[in-house]
Amino acid sequence: MAVLQSKVFDRIDEKEAVQFLQSLIQVNSVNLPGNEKEVAEVIQSFLKTCSLQVELDDLGDNRANIFVTYPNGGKDDKFLVYSGHLDTVPTGKVEWEHDPFSGEVVDNKVFGRGTTDMKSGVAAMVLALKYLEEAGVKLNGKLQFVGTAGEEVDGYGAKTVVEKGQIDKATALVVSEPSENQIFHAHKGCLWLEITTYGKTAHGSMPDKGINAILTMNEIINRLQTYQFDYKPHSVLGLPTLNVGTIEGGVKTNVVPDQCKLTIDIRTVPGQSNEQILQDIENLVKAVALNYEIKVLNSMASVGTDESDDFIKLAIETGKNHLNLELKPSGVNYYTDASVYCPHLQVPAFIFGPGIPTLAHQPNEYVEIEKFIESIQYFIALAIDYLGER
């Protein structure tokens, strides 16, 4: 620990780190439209004096993924991927106390949209690679940061990475979503559906002459409320859930509605199949509606790495040995790019980031500088512990 402290930790420049995070916050990458290419270019410019290999994958429309690869002359049997997304959600209609695109520092906190979710995690991972490189650490394996576009909407960037096979040789994955520097080794998946029922218009005084799409949807809602998932309770994630999110339909009061639209948000646990759930819902709707349509708005797999996995054990030991952190693996209900990566890569993964989960998507979002610096230290230590030195 003392060697790591003097060799790499002491190179961490808090002022530089905070300024780099501020530079990411000051780029408006609200999705839609995203504009992640501008964030990627800030990272690329920041690393221009390093020997780290930086590559932008231009996705068009001012969107991009970015890959930062550590110089490697060692073995290739271990490949650690650090990943984070470059987009954010909108700022909302509530007035912020601090400009959401300023990165203003108040009371040892950096404020702004994306500070928690998740530009602080992105900055920490990039800085970890930078300080390792500046310290001349020779890793005995491959280390790469992947910054992705589009996570807040559809996982567009991560899906592109998978489609192109750009990290197919990865052996372990860490995603720096907000966890307050705790380990989340499992998270729920999601299935968002839009159900539309179609009927037939008629005068409101003669409802028997029409087919009421809203009443059809009402029966569907009743059946959804009693739908039984096929699942096994997860040790940390518990049960799957189904929420009716929105509903709209009808033309005016005195017209029998010929259309009704409903959206539902299903959150899944490991072991469940989104495809099977979709089939179940379609069978449920088909039993009620003569004319209907179902659209999949979003489908993300649940993720879970067993707590007994060697990588999770190593992650816990890294925190204890180098930072005196007592890490207790747990789960979280939000989904991440790991939903895209893990089913494809079949590698152990966990979430670790300095942001506060309850501040994600909230006004006056911030990250504590102390947690931010601690996360940089953790990512440095984990890379050395997992890959080893040569």
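First, the ground rules. This is a predicted model, where local features need pLDDT of at least 70, side-chain atom pairs count only at pLDDT 80 or more, and totals for chains, interfaces and linings use all residues. Residues are numbered from 1 along each chain as its sequence is written, and side-chain values use heavy atoms, with hydrogens and water left out.

Let's start with pockets. A pocket is an open set of points on a 1 Å grid over the protein atoms alone, with protein on both sides within 12 Å along at least five of seven lines. A cavity is a set of points where a 1.4 Å probe fits but cannot get out. Lining residues have an atom within 4 Å of a point. Points are joined across faces, edges and corners, and a volume is the space filled by probe spheres set on them.

The largest pocket holds about 380 Å³. It has 15 lining residues, and Val89, Asp117, Glu152, Tyr334 and His361 are the closest to its centre. By class, its lining has eight nonpolar, two polar and five charged residues. Here Ala, Val, Leu, Ile, Met, Phe, Trp, Tyr, Cys and Pro count as nonpolar, Asp, Glu, Lys and Arg as charged, and the others, Gly among them, as polar.

The second largest pocket holds about 180 Å³. Its lining includes His234, Pro270, Asp309 and Cys342. Strand β13 (303-304) and helix α9 (338-345) each give at least two residues to that lining. Helices (H or I, at least four residues) and strands (E, at least two) are DSSP runs, numbered from the N terminus. The classes are six nonpolar, five polar and one charged.

How many cavities of 30 Å³ or more does a search of the whole structure find? One. The largest cavity has about 40 Å³ of space. Four of its lining residues come from β8, the largest share.

Last, the helices. The axes of α8 (residues 310-323) and α10 (residues 369-387) come within 9 Å and cross at roughly 125°. Axes are lines fitted to C-alpha atoms, for helices over the stretch in contact, and angles run from 0 to 180 degrees between N-to-C directions. So α8 is oblique to α10: angles under 35 degrees are roughly parallel, over 145 roughly antiparallel, 65 to 115 roughly perpendicular, and the rest oblique.
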